Amino acid sequence: MLNINCLKLRRTIGIKQLHNQKKMKAGIGFRKEFAEEFLSGSAIHPGFVELAPENWMNIGGYWKRQLKQLAEMHSITSHGLSLSIGSPEELDMKFLKNIKQFLTDYDIEIYSEHLSFSKCDNAHLYDLLPIPFREDAIKHVAQRIRQVQDYLGRQIAIENVSYYTPVAAEMDEATFISAIVEEAGCKMLLDVNNVFVNAFNHNYNAKEFIGNLPLDKIQYIHMAGHTKVADDLIIDTHGEAIIDPVYELFEWTLERVEPVPVLLERDFNIPELNELQRELSSLEVIMNKKWETNNVIENRNI
Amino acid sequence: MLLKTETYNQQNKFVEYCRNGKEISILGAVPERLPHYRRLVFNGFKDALETTFPIAFQYIDSKIWDEMVYTFFSSHKCSDPQVWRMPNEFVDFCEAENYGEKFTLPFLNDLLRFEWMEVEVYMMEDIEYPANISTTILLQSKIAVNPEHKIIKLEYPVHMEKPFDAVDKKGNYFLLLFREKETGRVQFSNLSILFAFLIENISAEEKTLEEILNDILYLFGINDLKMLQTKVFKFLDELKARGFVLGSLKI
């Protein structure tokens, strides 16, 4: 059994350290591919780890033991895949009940999800599809987020997703995201790489886009690599190292956002852990440089 | 619902395109970028199924495999939010579509079920082990076994033979799968129908070993109790050495 008291004590230290510790540390998305080496504890030293609850809840055996070991070593944040907040149909309350239990079992403070849909007409597609940027979709999604928050008894954070084509859009993405965050009363997970990808794919200015988001609502930041598949198209693969222009956008963003947890995502083409540690260190250098003097620029100055 | 029908229709058309690729018109969409979504979504299914069913993927003709996967992807509405459980729906789908007969793969249902069951037992939620156990196997006691197990019945011995070698060996096969407590690995044990009956009755924890053996004598028309006891104890000892049989339940 997990030592819950120890866990809670360490958790309290864990996430709050992100704000208070002298040297801020970035987190990493935990993958089964590197679980064993990761849990040996010598190759990589993240500040926290992130899990997709769908891959870890309602399981037992080997992977549950690995999860318990992970929870004893690190603070955990969770980033969902299948809530499908943008679906037309009703929320899956059985699924949400399992999520709630998972968050409780592992004392997880942050639960984030994608501002997208992965299920329609009661069929899961297990991928992130863009919601139409429309007024009625804002009302619909905001109402669903409120329903989730009421059920979970906490605010959730929604993530700006990468998308390759708009679907029936009637407004710009930043307006859509901002309106949902406002109406739902939720937090935001800002994925800086997704902003970069979308700005490239849809020819807009990434900084201007970020400047138009509700930066005071950002609870969490994601960073990742991507793959350029054509002269005019980038796919958000999480399969490469972060490139310099995304680091630059990250640095620019941190000047405008209060200190929050920062996570490195790497889901495919996973390198040696010391390579991932180098990426974490690069993020941490920027976080500490930008946030140690608390020199966050007021949003209005963007 | 706060979502207008028009918005719902656009989302639905987009999803339908991802699944079946039929040409559609979606407001404001960039047509040449739509195939990327279709490719990404399909690859998610394809990869998950190839990973879950490595034997079927290896031995079934690739055109047939692709057709099965694609038809499932394009026509089945997956209901499970956890993608690792999706292959279980593929097993049911292939059975319902009668693919074994359609593609002349009589072993197909068994092979897919067998491969899925290994995943299911490996991943299944922990079940509490029985307490108060004596490590000796006693005839007058109920027998305790590892609760993290399943028994499946197969018509073809896909757990012992390459799939196409199993075709002419149709029969009644019983397979015990259980999860090792220490390592989490899945172990397999081929069972005769008599031992499958024995294990199922032991697992039910309703009768002592002696009562179960008496049932076996009657049901299987066996006259030699001593011979039966000798064989059963040998079998249970073997399963005990492998970590499946735990001992006897103390009253």
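Analyst: A residue is buried if 20 or more other C-beta atoms lie within 10 Å of its own, exposed if 12 or fewer, and partly exposed in between, with C-beta atoms placed from the backbone. This is a predicted model, where local features need pLDDT of at least 70, side-chain atom pairs count only at pLDDT 80 or more, and totals for chains, interfaces and linings use all residues. Residues are numbered from 1 along each chain as its sequence is written, and chains are lettered from A and ligands numbered from 1 in the order in which they are written.

User: Is A:His202 buried, exposed or partly exposed?

Analyst: A:His202 is found in helix H7 of chain A. Helices (H or I, at least four residues) and strands (E, at least two) are DSSP runs, numbered from the N terminus. A:His202 has 16 C-beta neighbours inside 10 Å, so this residue counts as partly exposed.

User: How far apart are the C-alpha atoms of A:His202 and A:Gly239?

Analyst: Along the chain, A:His202 and A:Gly239 are 37 residues apart.

User: How many residues of H7(A) are buried?

Analyst: The buried residues of H7(A) include A:Val192, A:Phe196 and A:Asn201. Their cover includes helix H6 (173–184), strand E8 (187–191) and helix H8 (206–211) of chain A. H7(A) is largely enclosed by the rest of the structure, because the buried count out of its eleven residues is nine.

User: Which residue just after H7(A) takes a positive phi?

Analyst: The phi in question is about 55 degrees. The residue that takes it, just after H7(A), is A:Asn203.

User: Are H7(A) and H9(A) parallel or oblique to each other?

Analyst: H7(A) spans residues 192–202 and H9(A) spans residues 244–254; they pack at an angle of about 120 degrees, with their axes 9 Å apart. Axes are lines fitted to C-alpha atoms, for helices over the stretch in contact, and angles run from 0 to 180 degrees between N-to-C directions. Angles under 35 degrees count as roughly parallel, over 145 as roughly antiparallel, 65 to 115 as roughly perpendicular and the rest as oblique. H7(A) and H9(A) are therefore oblique.

User: Which residues of H9(A) does H7(A) meet?

Analyst: Two residues are in contact if their C-beta atoms, placed from the backbone, lie within 7 Å. From H7(A) come A:Val192, A:Asn193, A:Val195 and A:Phe196. On H9(A) they meet A:Pro245, A:Val246, A:Leu249, A:Phe250 and A:Thr253.

User: How many residues of each class make up the contact of H7(A) with H9(A)?

Analyst: Ala, Val, Leu, Ile, Met, Phe, Trp, Tyr, Cys and Pro count as nonpolar, Asp, Glu, Lys and Arg as charged, and the others, Gly among them, as polar. The contact of H7(A) with H9(A) has seven nonpolar, two polar and no charged residues.

User: Are H9(A) and H10(A) parallel or antiparallel to each other?

Analyst: H10(A) covers residues 273–291, and its axis lies 9 Å from that of H9(A). The two pack at an angle of about 25 degrees. H9(A) and H10(A) are therefore roughly parallel.

User: Which element gives the largest share of the side of chain A that touches chain B?

Analyst: Chain A puts 38 residues into the contact and chain B puts in 39 residues. Elements that each supply at least two residues of chain A's side include helix H3 (61–73), helix H5 (135–152) and strand E6 (123–129). The largest share is six residues, and it comes from E6(A).

User: What percentage of the residues in chain B is buried?

Analyst: Chain B comes to ten helices and six strands, while chain A comes to ten helices and twelve strands. Of the 302 residues of chain A, 48% count as buried. For the 251 residues in chain B, the buried part is 32%.

User: What radius of gyration does chain B have?

Analyst: The radius of gyration is taken over C-alpha atoms, and the globule rule is 2.2 Å times the number of residues to the power 0.38. A compact globule of 251 residues would have a value near 18 Å. The C-alpha atoms of chain B fill a box of roughly 80 × 45 × 30 Å along the principal axes. The radius of gyration of chain B is 24 Å.

User: Is B:Leu219 buried or exposed?

Analyst: B:Leu219 sits in helix H9 (residues 209–219) of chain B. Inside 10 Å there are 10 C-beta neighbours, so B:Leu219 counts as exposed.
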